Amino acid sequence: MTKPRHRPPTYSTLTVLLASPIQPMPEAKRLHQLTAMYQGLNALELGNQPTRNDWAVCSDAINLMETLVLQGHVSDADGLLMDAITGLAKAGQRNLAGGAIRLDGPGIAAVRAVLADYAMVLSTLSERTMVNAHRATEKRIRAIFAGNQQSHDVQVIAL
């Protein structure tokens, strides 16, 4: 497996300070995130050749939800978060084994449900909360790739 390339952080400390502590993320930014997320999900479900980017945008949203749960901002009342993580991990493993990067039936149901929750959370929580969660998620992913997993982390697949 090749060593994953790390992207620079999406948000800076200045972005956190400038983000609204009260209002949700501006609609244009929410729409951008949700469009990419749902296009990725559609490709993983129905596309002729889903890409690693399709998988990544869905994984990013699921990872952000996990961070928000761990931080106590939201709950996983229906218990589908781990099912969504598992579904995406299986899709990634299929791709690494030479197959198509696709979700199975249970993975589709779980990822759809968690992404719907993410869409609601994105329009409800403050922009600052979302930016801080994004920064914490990226930090946690970098730590996992560096070999510093916590008990709740699952195997990360570098696609």
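Visitor: Of the contacts in the protein chain with a separation of 6 or more, what percentage is accounted for by residues 24 or more positions apart?

Guide: A contact means heavy atoms within 4.5 Å. In the protein chain, residues 24 or more positions apart account for 73% of the contacts with a separation of 6 or more. Please note that this is a predicted model, in which local features need pLDDT of at least 70 and side-chain atom pairs count only at pLDDT 80 or more, while totals for chains, interfaces and linings use all residues. Residues are numbered from 1 along each chain as its sequence is written, and side-chain values use heavy atoms, with hydrogens and water left out.

Visitor: How many helices and strands does the protein chain have?

Guide: Helices (H or I, at least four residues) and strands (E, at least two) are DSSP runs, numbered from the N terminus. The protein chain has six helices and zero strands, and its pattern along the sequence reads α-α-α-α-α-α.

Visitor: At what angle do helix 3 and helix 6 pack?

Guide: Axes are lines fitted to C-alpha atoms, for helices over the stretch in contact, and angles run from 0 to 180 degrees between N-to-C directions. Helix 3 and helix 6 (residues 127-145) pack at about 105 degrees, and their axes are 9 Å apart. The two helices are therefore roughly perpendicular to each other (under 35 degrees is roughly parallel, over 145 roughly antiparallel, 65 to 115 roughly perpendicular and the rest oblique).

Visitor: Which residues of helix 3 and helix 6 meet?

Guide: From helix 3, Asn63, Leu64, Glu66, Thr67 and Leu68 take part; they meet Thr129, Met130, Ala133, His134, Ala136, Thr137, Arg140 and Ile141 in helix 6. By class, the residues of this contact are six nonpolar, five polar and two charged. Here Ala, Val, Leu, Ile, Met, Phe, Trp, Tyr, Cys and Pro count as nonpolar, Asp, Glu, Lys and Arg as charged, and the others, Gly among them, as polar.

Visitor: Is valine 121 buried or exposed?

Guide: Buried means under 20% relative accessible area, exposed over 50%, and partly exposed in between (1.4 Å probe, protein chains only). Valine 121, which lies in helix 5, counts as buried because its relative accessibility is 5%. Leaving out residues up to four places away in sequence, valine 121 touches Met65, Leu68, Val74 and Met130. The C-alpha atoms of valine 121 and valine 74 are 8.0 Å apart, although 47 residues separate them along the chain. In the protein chain of 159 residues, 42% are buried.

Visitor: Where is proline 9 found, and what does it contact?

Guide: Proline 9 is in the segment before helix 1 (13-18). With a relative accessible area of 49%, proline 9 is partly exposed. Setting aside neighbours within four places in sequence, proline 9 is in contact with Glu138 and Arg142. Its C-alpha atom lies 9.1 Å from that of histidine 134, 125 residues away along the chain.

Visitor: Which residues line the largest cavity?

Guide: On a 1 Å grid over the protein atoms alone, a cavity is a set of points where a 1.4 Å probe fits but cannot get out, and lining residues have an atom within 4 Å of a point. The lining consists of Met65, Val69, Ser75, Asp76, Asp78, Leu81, Val114 and Asp117. Helix 3 (52-70) and helix 5 (105-122) each supply at least two residues of this lining, which has four nonpolar, one polar and three charged residues.

Notes:
On a 1 Å grid over the protein atoms alone, a cavity is a set of points where a 1.4 Å probe fits but cannot get out, and a pocket is an open set with protein on both sides within 12 Å along at least five of seven lines; lining residues have an atom within 4 Å of a point.
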